[in-house]
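This briefing goes through a protein structure topic by topic. Please look over the sequence and the 3D view before reading the points below.

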Amino acid sequence: METINLMEIAREQIRRTIKKAAEKAVQQDSLPELHIDEIVLEIPREKQHGDFATNVAMQMARQAKMPPRKIADILVSNMALEGTYIEKVEVAGPGFINFYLKKEWLYQVIHAIEWMGNDYGRVNIGNGQKVMVEFVSANPTGPMHMGNARGGALGDCLASILEWAGYDVTREFYINDAGNQIEKFGRSLEARYVQLLKGEDAFPFPEDGYHGEDITDHMREFISSEGDKYLDVDSEERRKVFVEYALNKNIEKIKADLKRYGIEYDVWFHESWLYENNEVQQTIDELTQKGYTYEKEGAIWFKATEFGAEKDEVLVRNNGVPTYFAADIAYHRNKFITRGFDRVIDIWGADHHGHVTRMKGAMKAIGCDPDKLDVIIIQLVRLLKNGEVARMSKRTGRTVTLSDLLDETGVDAARFFFNMRQSGSHLDFDLDLAVKQSNENPVFYVQYAHARICSILRLLSEEGIQVKGADSIDVSLLNQPEEVELLKKLVELPEEITIAALTMEPSRMTRYVLDLAALFHTFYNACRVKTEDVELMAARLKLIDCVRIVLSNVLHLLGVSAPERM
RNA sequence: GCGCCUGUAGCUCAGCAGGAUAGAGCAACUGCCUUCUAAGCAGUGGGUCAGGAGUUCGAAUCUCUUCAGGCGCGCCA
């Protein structure tokens, strides 16, 4: 797809202009020949400092043994601005070169948005690379918690950003339906089953079992349909039945909750498949063949320390059962080798960060480039209610689950709030704020901007006034500061998507859309769209229609609705 | 003890491949609705960028160190 990034166009023109000026100066012997790796162009914080600024003169100063301002002057006097968007160039401060662009450049964005519509903002830095985002992967032995909720919002938005950046993205959920924890799950269910029918003391609850009420609930329901006929059934056999029953219920619930949350996975990958296809054993064999394992005390160990880890790790316990780690290596081997992903992004909770180094080490051991695996660690979530930390749901008296949260705040607020903070920082989720219908609530603030625009469009449309094509309006009428600021923000979207994709930070997009909404509200109060001046009205109408498209694009990328009325 | 993350306005956080006077929202105070949604806008006050040292023309940003908080270091996942 053809994409338009005005920011990139401007940067390229400026870089070329600087380069040519430098070459010319060297030819005239007014500057020595020097090498600069990359010309850094930044957007100055202060508007008086122009649209772009560069510090090349300061960087060259040492090499050239000349004062930075003098270098800057020489460069500027050798610049040829004809045929570019550059209007004027100034030297300022310690030696910055500030570039001021023509308004024409800015007005191009109107055409770009009209041209690309709901695809405006897309870029192609991914070149169709196959990338997997594996996220949530909640333990199917119980309900989803706030960590899963944050991971879901983050992972899904990151996946969307990568799609917008030109990657071929697969969203995947890893279902841990095998191994030790399923054993524990089965023993816990069995204990509750017998206890419910014959009393608390009739069966000892396993030391390391799952104590949650949901386990008892499962068995209570099971009994109401199946009765007590499993009391006399062989332990192993009935545990199998209980596990299948409860696990399916949990997985169905997880799928339903995530669907409600607006997340559609491409693949639900079962850990058990890795065992069924013998991939866990194959992986262990491969590591052994390469000499990266050894036996000690009846267990098989992986030499993780040879790959930078602090200590070696058990792959197969002395009872012959592979560890979670062994299965996880097999899983990642499957992602990279069997399925051929170019990049894999895993989103894990903070309590798994110790796992990162050894996982990357294992990647190296099986011949995969560890740099192609990115692990995003998300920090914990604190729920706040009435200014206090809320651990339990008031309604159920149990820990707050994803569905409790969605009941309380709705999908829009949850997804927006979880993406307001960088993944690395702890997040306080203010439940009261999330449901507040006022300017304090960032979700409403952005959605309100969208609804306001739709309202104006609707009103004028009823009077027979429609949005015109970019070619039939006079864009140069958009010269109020509020209008210019809005246009500048619209220009930034492709670059914002690019940076968000490169840094894997969806929170950038929530900040962007908040900024854009704020600029719109300012514009709204300063400039009227509906006026007697027909030409001006047409131009402003076009402008707000562009803002509407961009707000809508970003909100949808975040998985948040863009209401037309509020 | 070792490793990772965090520390910026009263609160919640941006800024951190070094750049010009450190920003936003909330809270506080002052204004703006006979005109397209006041779920909005404009303005005021508010800082030892945790402390210290170093590198640099220039450090919130990079290095070292101290302090404070969180997490991890299982034949758990």
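Helices (H or I, at least four residues) and strands (E, at least two) are DSSP runs, numbered from the N terminus. This is a predicted model, in which local features need pLDDT of at least 70 and side-chain atom pairs count only at pLDDT 80 or more, while totals for chains, interfaces and linings use all residues. Residues are numbered from 1 along each chain as its sequence is written, chains are lettered from A and ligands numbered from 1 in the order in which they are written, and side-chain values use heavy atoms, with hydrogens and water left out.

**Aromatic pairs**

- Rings of Phe, Tyr and Trp (its six-membered ring) pair if their centres lie within 6.5 Å; planes under 30 degrees apart count as stacked, over 60 as edge-to-face and the rest as tilted.
- The structure holds 24 aromatic pairs.
- One of them joins F185 and Y210, whose centres are 6.3 Å apart with 80° between the planes, an edge-to-face arrangement.
- F185 belongs to helix α6 (residues 180-198) and Y210 to the loop between α6 and α7 (213-226), so this pair ties together parts that are 25 residues apart in sequence.
- Both F185 and Y210 are buried, where buried means under 20% relative accessible area, exposed over 50%, and partly exposed in between (1.4 Å probe, protein chains only).
- The rings of F520 and Y524 have centres 6.0 Å apart and planes at 50°, so that pair is tilted.
- F520 and Y524 are four residues apart in helix α18 (residues 507-526), which means that about one helical turn separates them.
- Are F520 and Y524 buried or partly exposed? F520 is buried, with a relative accessible area of 0%, whereas Y524 is partly exposed at 34%.
- Ring pairs also link Y193, F222, Y230, F242 and Y245 into a cluster.

**Helix α3 and what covers it**

- Helix α3 (residues 68-77) has the buried residues I71, A72, I74 and L75.
- Seen down the axis of α3, these buried residues fall within an arc of 160°, so they line one face of the helix; the arc is that of the directions from the helix axis to the C-beta atoms.
- The cover over these residues includes α1 (6-27), α2 (56-64), β3 (86-92) and β4 (96-101), with contact meaning heavy atoms within 4.5 Å.
- N78 lies in the loop between α3 and β3 and is buried, with a relative accessible area of 7%.
- Leaving aside neighbours within four places in sequence, N78 is in contact with A21, K24, A25, Q28 and S30.

- Strands of a sheet pair through backbone hydrogen bonds, either parallel or antiparallel.
- Two strands count as paired if DSSP finds at least two bridges between them.
- β3 and β4 run antiparallel and are joined by six bridges; E90 has N98 in β4 as its bridge partner.
- β3 and β4 form a hairpin with three residues between them, and G93 in the turn has a positive phi of about 55°.
- Strand β2 (residues 52-54) pairs with β4 in the antiparallel sense over three bridges, and F52 has F99 in β4 as its bridge partner.
- Five of the six residues of β4 are buried, so β4 is largely enclosed by the rest of the structure.

**The β8-β9-β10 sheet**

- Three strands form an open sheet in the order β8-β9-β10, with antiparallel pairing.
- The edge strands, β8 (293-296) and β10 (313-316), each pair on one side only.
- From one strand to the next, the twist averages 45°.
- Strand β9 (residues 299-302) is joined to β10 by three bridges, and W301 stands opposite V314 in β10.
- Helix α11 (residues 324-338) packs on the sheet, touching β9 and β10, and its direction makes about 80° with that of β10; axes are lines fitted to C-alpha atoms, for helices over the stretch in contact, and angles run from 0 to 180 degrees between N-to-C directions.

**Q447**

- Q447 is in helix α16 (residues 442-462) and is buried at 5% relative accessibility.
- Not counting residues up to four places away in sequence, Q447 touches D412, V560, S561, P563 and M566.
- Q447 and M566 are 119 residues apart along the chain, and their C-alpha atoms are separated by 8.2 Å.
- The side chains of Q447 and D412 are joined by a polar contact of 3.0 Å. A polar contact is a pair of N or O atoms within 3.5 Å; within protein, one must be able to donate a hydrogen and the other to accept it, and residues adjacent in sequence count only if both atoms are side-chain atoms.
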